[in-house]
Amino acid sequence: MSLSQSEYNQSTHFYNEIMNSFKMDFSLYEDLTDILKPKSVLELGCGMGRVFPIFMKEATEVTGIDLSNEMVNQGRKHYSENRSENTKIEFIHGDICSFSINKKYDFIVLALSVLKHLWTEEQRLQALQNAKDHLNPDGFIAIDQTALLYCVHSTDWIDARTSLVADWVPNPNVLDNYQWKKTIDGNMDILQWRYCQGDKTDFGVKYTTYRYDIDRLLGHIEKLGMNHEQLLTEWGVNGLGDRGKRFIGLITHPDNKNSPKDALRDKVLQRNEQLWSDHDLYTASDKM
């Protein structure tokens, strides 16, 4: 069992209570789904299917793959109890580097820097190659990637209610008594969360990811002979500028000349959502 798989298996409750509440990227996928209207969607590293309801508005088939058997089991349970008459939902317990499905998809999604859970260049190339192999000729791969989670340096414990995370959830009250801490150790980008009441820590969880710079990602995409287009540098309207530190973009086969960039950016401008995924940018904008 890999380190990431073990950590996610142990943190299913936290993922369900907090991470499933994260909606900072929902508008992105709502807009892309509305523009592209995919009939089949594949999400790599899907967890419990956090963004599946968005895809279900257009797709007749949504498939998710995750390395954590606990996440997959929870996702299957949830969607078996909340069935859709128009969309087939399937969860697959597997490795995004080595899975094989006998079909291709209109839209493949790698959300929330999922590639950072892979610690070697070979694994990342394999995952991207696998996505390419399962993509329809006129399909799109959406990647939302940042080199380092939450901020670019180590931190002490930070109150979640007064951090960038407060803007990621519809109801910040769910963050009461939660704190997060960031540690950079060589190539490891480690994120910890805990729940505290007074001096007592009732709950703690750790996620180990690995630095994956944007230029390395783009180099890997080019190595696979695919095209890429950056749509945004950040979630929401802040992504229309150059201060953001994310690559939010699309990968396509070379013969696919279609681009939803202009249509997406128009939608982003109309929504005018103010979001940051870097805590330093969040605190700086709060003081302006």
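Predicted model: local features only at pLDDT ≥ 70, side-chain atom pairs only at ≥ 80, totals over all residues.
Local features need pLDDT of at least 70, side-chain atom pairs count only at pLDDT 80 or more, and totals for chains, interfaces and linings use all residues. Residues are numbered from 1 along each chain as its sequence is written, and side-chain values use heavy atoms, without hydrogens and water.

**The helix pair**

Helices are DSSP runs (H or I, at least four residues), numbered from the N terminus. The axes of α3 (residues 26–36) and α8 (residues 261–271) come within 10 Å. They cross at roughly 135°. Axes are lines fitted to C-alpha atoms, for helices over the stretch in contact, and angles run from 0 to 180 degrees between N-to-C directions.

**The cavities**

A cavity is a set of points on a 1 Å grid, over the protein atoms alone, where a 1.4 Å probe fits but cannot get out. Lining residues have an atom within 4 Å of a point. Grid points are joined across faces, edges and corners, and a volume is the space filled by probe spheres set on the points. There are three cavities of 30 Å³ or more.

| Cavity | Volume |
|---|---|
| Largest | about 90 Å³ |

The largest cavity has 14 lining residues. Ser27, Leu28, Gly236, Val268 and Glu273 lie nearest its centre. Both α3 and α8 give two or more residues to this lining. What lines the second largest cavity? Leu128, Ala131, Ile141, Ile221, Leu224, Met226 and Ile251 do.

Terms used: 1 Å grid on protein atoms, 1.4 Å probe; cavity = no way out; pocket = protein on both sides within 12 Å on 5 of 7 lines; lining within 4 Å.
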